[in-house]
Amino acid sequence: MTERTGSDYLLAAVESEGPSTLFGLVGEGNAHLVDRLHESGLEYRYARHEGVAVTMADGYARTTGRVGVCTLTHGPGLTNGVTGLASADRDGVPLVVIVGDTSIAGRETSLQYLDHLGVTDPVSVYGARVETVETLPETTRRAFAKARERSGPVVLEVPADVQEAAAPEEPYEPKRYETGRIRPDAARIAAAADALDAAETPLILAGGGASASAAGPAIAALAERLGAPVATTFYAKGLLPDHPLCTGIAGTFMTPASAELVPETDAVLAVGAGLSGKTTRYGDLYADASVVQVDVDREALGRHRDVDVAVLGDARETVSALTERVSPDEGRAERVRRRISEADDPADLAFETDPDRIDPRTLTVAVSRLSPPDAVVTVDSGNNTGFPAVFHEVGEGGEMLVNGNFGAMGYSLPAALGAKAADPGRPVVCYAGDGSLMQVLGDVETAVRYDLGVIVVIYNDASYGIIRHRQHLEYGRETGASYDSPDFAAVAEGLGARGVTVRSLDDLDPVERHLAEGSEVPLVVDARTIPEVARPGFPPY
């Protein structure tokens with residue numbers, strides 16, 4: 001029997017921490033660790049690029065609530081993954097990235113030597129190096145604990161000689177902190193309730209923190225008592241599916257109901273929402289309103305603008321406490337419900353027609369109606385972002401994964417693969433621009449290899465669309481933003497997937513069949529879109 005090694009110990013530790021899947025890409029630095037996966041209970045999913053591997057772990061983490069784990073090799077393996085780390089860091093996604101390194105002896109003379117922890121310090125919440133096999137248990141425990149506590153990516157550097165050494169004798173026990181939810185201060189709750197009661201047109205703005213806290217039902221109860229509409233940021237889309245007091249997204253990707261009611265507010269309760277430029281339309285929204293901000297992160301309070309009342313506390317705990325304090329206003333609630341019901345449905349707006357191309361809004365509405373309500377929807381960065389933001393409905397049990405805080409192109413396909421790996425039976429719809437998909441196109445083959453039957457919808461406007469629109473707006477011309485796109489359907493077929501070219505709604509039958517069959521073969525939809533259609537909310541950029 002082969003002696004247990006540091007790699008065996010580490011893989012068993014990963015299993016005991018909760019993840020069932022390890023993502024990655026093998027190289028010299030982590031070859032031993034990857035080899036020992038044969039003796040592990042973990043599933044291994046390798047990508048064609050390290051950045052994709054990190055973002056697959058990101059998608060897995062967001063949809064499961066577990067820490068996502070991936071392994072990269074040293075040097076360029078790690079640098080290729082840095083964009084994925086930065087995206088997870090900005091969005092607060094808990095990851096542990098195991099970087100296999102050269103042996104301790106002669107490390108700095110290695111061809112691919114790199115100060116991994118120095119490189120990743122700005123894009124991670126913690127970094128640690130396992131110096132000896134004896135320190136492997138405690139360093140691994142700390143890495144997972146930091147990823148959970150600080151909700152972000154952790155880099156764990158494990159030299160090759162530690163991987164190959166005899167396993168530690170110490171049993172591995174995960175480090176669990178029962179911190180509980182942060183309860184708000186009673187005086188802060190009283191001040192917040194007074195501010196909301198004094199308002200004529202209060203509004204609740206729910207952000208990603210509200211989603212992370214599962215605060216939807218609590219927010220609905222507060223809205224019904226207060227008689228306030230609920231708008232969401234992009235990151236909380238789908239928090240209150242079909243609720244009559246929910247106006248949809250406020251900010252850059254404003255829905256018609258939000259466009260009508262949000263500017264009227266004289267007091268906004270921002271729950272787990274950062275009040276960044278895109279959320280406030282660069283300061284235009286809530287400029288004259290009093291602002292109550294709730295967040296578990298002390299540094300987030302007042303980060304983007306001054307607030308009148310700052311409440312440090314968990315979203316669900318704080319909203320529940322406020323519901324007990326605010327005065328009810330059933331008449332206002334009924335007026336708000338009526339106005340929301342009378343607002344335009346984005347899906348009913350007039351769209352462009354073209355004999356050879358489809359309006360991206362028309363396309364998105366159609367795909368949304370074909371998709372089950374509990375689907376995972378992943379969204380990329382660029383001109384394509386706004387179409388699913390506004391026109392794809394997220395139903396009960398569904399979620400939308402977005403990388404809006406860093407805006408890295410090439411996010412949606414890897415995130416979709418991670419989400420599908422986490423739950424193969426759940427429908428996953430990936431939206432991408434042609435430019436963003438080209439950056440990760442090789443990983444369509446990864447979807448084929450692992451039977452990850454995602455639907456990849458490409459808004460193919462043969463350009464870096466948002467840049468082209470911006471260049472024409474600011475400079476009256478474009479440079480380096482347009483090109484001839486490939487035949488994505490043919491490329492998909494060559495990679496083992498199914499492909500279809502879409503120029504009108506009549507071409508969407510394969511999408512309907514794919515969803516009905518629950519196919520394990522990925523479907524790539526090359527939608528030739530009308531390039532003149534800019535995303536909702538443009539400008540501003």
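Me: Contact means heavy atoms within 4.5 Å. Leaving aside its neighbours within four places in sequence, which residues is Ser368 in contact with?

Reply: Start with the ground rules. This is a predicted model, in which local features need pLDDT of at least 70 and side-chain atom pairs count only at pLDDT 80 or more, while totals for chains, interfaces and linings use all residues. Residues are numbered from 1 along each chain as its sequence is written, and side-chain values use heavy atoms, with hydrogens and water left out. Now Ser368. Beyond its neighbours within four places, Ser368 is in contact with Phe391, His392, Glu393 and Tyr431.

Me: Where does Ser368 lie, and is Ser368 buried or exposed?

Reply: Ser368 lies in helix α15, residues 360–370. Helices (H or I, at least four residues) and strands (E, at least two) are DSSP runs, numbered from the N terminus. Burial goes by relative accessible area: buried is under 20%, exposed is over 50%, and partly exposed is in between (1.4 Å probe, protein chains only). Ser368 has a relative accessible area of 10%, so Ser368 is buried.

Me: What about Gly152: where is Gly152 found?

Reply: Look at the loop between α7 (136–150) and β6 (153–159). Gly152 is buried there, with a relative accessible area of 0%. Leaving aside neighbours within four places in sequence, Gly152 is in contact with Gly92, Val93, Pro94, Leu95, Val125 and Ala147. Gly152 and Glu169 are 17 residues apart in sequence, and their C-alpha atoms are 30 Å apart in space.

Me: How do I read a nonpolar core?

Reply: In soluble globular proteins, nonpolar side chains tend to be buried together. A nonpolar core is a set of buried Ala, Val, Leu, Ile, Met, Phe, Trp, Tyr and Cys residues joined through side-chain atoms within 4.5 Å. Here the largest nonpolar core has 47 residues. Leu413, Leu437 and Val456 have the most contacts inside it. Helix α3 (residues 50–64) gives the largest share of this core, 7 residues. Another core of 34 residues lies apart from it, with Ala218, Ala228, Leu245 and Ile340 among them.

Me: Leaving aside its neighbours within four places in sequence, which residues is Leu437 in contact with?

Reply: Setting those neighbours aside, Leu437 is in contact with Leu413, Ala432, Val456, Ile458 and Phe488.

Me: How are two packed helices described?

Reply: By the angle between their axes and the distance between the axes. Axes are lines fitted to C-alpha atoms, for helices over the stretch in contact, and angles run from 0 to 180 degrees between N-to-C directions. Take helix α11 (residues 216–226) and helix α13 (residues 315–325). They pack at an angle of about 25°, with axes 9 Å apart. That makes α11 roughly parallel to α13. Angles under 35 degrees count as roughly parallel, over 145 as roughly antiparallel, 65 to 115 as roughly perpendicular and the rest as oblique.

Me: Which residues make that contact?

Reply: α11 brings Ala218, Ile219, Ala221, Leu222 and Arg225, and α13 brings Arg316, Val319, Ser320, Leu322 and Thr323. By class there are 6 nonpolar, 2 polar and 2 charged residues. Ala, Val, Leu, Ile, Met, Phe, Trp, Tyr, Cys and Pro count as nonpolar, Asp, Glu, Lys and Arg as charged, and the others, Gly among them, as polar.

Me: At what angle do the axes of α3 and α17 cross?

Reply: At roughly 50°, coming within 7 Å; α17 covers residues 412–422. That makes α3 oblique to α17. In α3, Val52, Thr55, Met56, Gly59, Tyr60, Thr63 and Thr64 meet Pro414, Ala415, Leu417, Gly418, Ala419 and Ala422 of α17. This contact has 8 nonpolar, 5 polar and no charged residues.

Me: Now α1 and α7: at what angle do their axes cross?

Reply: The axes of α1 (residues 6–17) and α7 cross at roughly 30° and come within 11 Å. That makes α1 roughly parallel to α7. Gly6, Tyr9, Leu10, Ala13, Val14 and Glu17 of α1 make the contact with Leu136, Pro137, Thr140, Arg141, Phe144 and Arg148 of α7. The classes are 7 nonpolar, 2 polar and 3 charged.

Me: What should I read in the backbone?

Reply: Arg281 has phi near 55°, a positive value in a residue other than glycine. Arg281 sits in the loop between β10 (267–271) and β11 (290–295). Arg281 is partly exposed, at 27% relative accessible area. Ala462 also has a positive phi, near 55°. Its loop runs between β16 (455–460) and α20 (465–475).

Me: And which peptide bond is cis?

Reply: The bond from Phe538 to Pro539 is cis, with omega near -20°. Pro539 lies in the segment after β18 (523–528).
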